[in-house]
Structures are given as C-alpha cells and as structure tokens.
Amino acid sequence: MYVLTSALTFSGGEDVAHTLQAHGRAVLVGETTRGGAHPTDRHAVSEHVLVAVPAARTISTVTGGNWEGVEAVPDIAVPADQALDAALKAARAAAGS
C-alpha cells in the first residue's frame, strides 16, 4: 500500500500515515508531514486570544513514540505534486511490470 503525504498533511492524516508505516503496512510517498500528534484543547484567554494546550499524547505501540515535532518522513521523498506518479511507478516496479 502506498500513502501519499505532503507538507500540509497534519494530525489525523499523520496518524494514519505514521501508524501504517511503523507497522510495515504502507510506503509513504511525497513530502515530510507537519508533525502534529498531540490532540489539543483550546482555551479563550481574552476576547482576542486563544491558547491551544495539549490534552493527550499519542503513543505508537511499535515505536514507543510519536511524530509530534518530528514528522512522518516519506520512504520515497518527492514533491507532493509528483507523489501519485512516484507511487504508481513504485507499484508497477514492485509488481514486475
């Protein structure tokens, strides 16, 4: 399985990509993700100021860590607009065609 990523992939999308990659179930293709793993709660400090505070920590059962501030790094690094073509090429090569 190939999962496409970009510099805009964040939070839940990173969870899927990181988890599949860590379990050896997917090859990530594209750009390094943004590195947001911790769910946050938002608190109003004043009328114009909002603070996001981490409320939980995601832990991988495989790595013992997560991708907060570290990002999910693709196995095949290419610009996001080339990720689909790169994934198709890799899939064809793996299938021997």
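**Exercise 1. Locate Pro-74 in the fold and state whether Pro-74 is buried or exposed.**

Solution. Pro-74 sits in the loop that runs between strand E4 (49–54) and strand E5 (76–77). Helices (H or I, at least four residues) and strands (E, at least two) are DSSP runs, numbered from the N terminus. The model is predicted: local features need pLDDT of at least 70, side-chain atom pairs count only at pLDDT 80 or more, and totals for chains, interfaces and linings use all residues. Residues are numbered from 1 along each chain as its sequence is written, and side-chain values use heavy atoms, with hydrogens and water left out.

Next, take the accessibility. Pro-74 has a relative accessible area of 8% and is therefore buried (buried means under 20% relative accessible area, exposed over 50%, partly exposed in between; 1.4 Å probe, protein chains only).

Then list the partners. With neighbours within four places in sequence left aside, Pro-74 is in contact with Thr-5, Gln-21, Leu-28, Val-29, Gly-30, Glu-31 and Thr-32 (contact means heavy atoms within 4.5 Å). For Gln-21, which is 53 residues away along the chain, the C-alpha separation from Pro-74 is 8.9 Å.

**Exercise 2. Describe Thr-9 and Ser-11 in the loop between E1 and H1.**

Solution. Begin with Thr-9, in the loop between strand E1 (2–5) and helix H1 (12–22). Thr-9 is buried because its relative accessible area is 16%. A polar atom of the Thr-9 side chain lies 2.9 Å from the backbone nitrogen of Ser-6. Beyond the neighbours within four places in sequence, Thr-9 is in contact with Glu-14, Thr-33 and Arg-34.

Continue with Ser-11, in the loop between E1 and H1. Its relative accessible area of 38% makes Ser-11 partly exposed. Phi of Ser-11 is near 55°, a positive value in a residue other than glycine. Most residues other than glycine have a negative phi.

**Exercise 3. Which residue lies over the face of Phe-10, and at what distance from the ring centre?**

Solution. Arg-34 lies over the face of Phe-10, 4.2 Å from the ring centre. The criterion for a charge over a ring is NZ of Lys or CZ of Arg within 6 Å of the ring centre and within 35 degrees of the ring normal.

**Exercise 4. Characterise the protein as a whole.**

Solution. First, the elements: there are two helices and five strands, in the order β-α-β-β-β-β-α along the sequence.

Second, the dimensions. The C-alpha trace spans about 60 × 30 × 15 Å along its principal axes. The radius of gyration is 16 Å, whereas a compact globule of 97 residues would have one near 13 Å (taken over C-alpha atoms; the globule rule is 2.2 Å times the number of residues to the power 0.38).

Of the 97 residues, 26% are buried. Among contacts with a separation of 6 or more, 67% join residues 24 or more positions apart.

Conventions:
Polar contact = N/O pair within 3.5 Å; in protein donor to acceptor, adjacent residues only side chain to side chain.
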